[in-house]
Amino acid sequence: MKKHGFASPVLITFIILLMVSACVISPKQFIPGNKVEKGTSLAIPSDTAGVMVDTPAQVEFSPTPIIWTATPIIITATPQVSLTPEFTATVPQPTVAPVSATATSLPSLTPASNTQIIKIYLVGIGDNGTSGTKIGCDDSLIAVDVGIPPTAGVLRAALSELLAIDSDFYGDSGLYNALYQSNLEIGDLSVINGLARIYLTGDLMLGGVCDHPRVEAQLNAIALQFTTVSSVEIFINGIPLKDVLSLK
């Protein structure tokens, strides 16, 4: 053998013997699950594949089964929030107090509250001024109160009342109306600066010469009863009353 070549045959033989001696094991039945001590040789039956090895103590494994638990996934639908607020309009209902109609709550319908008093003027034949203002033919001009509906045109209303009398004597008073045969209507009238102008249309009918001062006195007194009138001018169909009377 060359120096520095392969190992000598003796050395090789020695290594083989060591390997053989290590493979020799004591025949012992291997029972699965038996515990063995460290350094104990195990014999594996001929029908079991494998070799006996010097192994540390057998460790028993008790595998813990892995249990997969499916955790349910719960999806909670969150309701959408309306961006438009809802308003509930509450209209307060007015409280209406019951109305109790009593006699005291109603207006009084007495003549004093729904009528206006004016005066018309009639003639007391032969009275000679005893009961009123003395006029021609020894007669008296006497005022009579008359109720009319309230009005601002009191002069027109008073004239209308006088001209509406169509009898020679006024009721049971015994007073004479010199205009009872006439057919006159009020055309126009005005009161300016205390002067009352009365325009009548139609026919003036008289019963004699004593009716001249009676008609004139009756018509003038109708206007002069009001404080806004200080003088009077009367026209019949546009002609002054004095001129009409002078022709009768």
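This note goes through the core, the strand pairing and the aromatic rings of the structure.

1. The model is predicted, so that local features need pLDDT of at least 70 and side-chain atom pairs count only at pLDDT 80 or more, while totals for chains, interfaces and linings use all residues. Residues are numbered from 1 along each chain as its sequence is written, and side-chain values use heavy atoms, with hydrogens and water left out.

2. The largest nonpolar core has 44 residues, with Leu200 and Leu219 having the most contacts inside it; such a core is a set of buried Ala, Val, Leu, Ile, Met, Phe, Trp, Tyr and Cys residues joined through side-chain atoms within 4.5 Å. Helix H3 (154–163) is among the elements that give two or more residues to this core, and the largest share, 7 residues, comes from H3. Helices (H or I, at least four residues) and strands (E, at least two) are DSSP runs, numbered from the N terminus.

3. Strands S4 and S5 run antiparallel and are joined by 9 bridges, where pairing requires that DSSP finds at least two bridges between two strands. Leu189 stands opposite Ile198 in S5, and the bridge partner of Ile198 in S6 is Ile234. S5 and S6 pair in the parallel sense over 6 bridges.

4. Tyr176 and Tyr180 form an edge-to-face aromatic pair, 6.2 Å centre to centre with 70° between the planes; rings of Phe, Tyr and Trp (its six-membered ring) pair if their centres lie within 6.5 Å, and planes under 30 degrees apart count as stacked, over 60 as edge-to-face and the rest as tilted. Tyr176 counts as buried because its relative accessibility is 9%, where buried means under 20% relative accessible area, exposed over 50% and partly exposed in between (1.4 Å probe, protein chains only).
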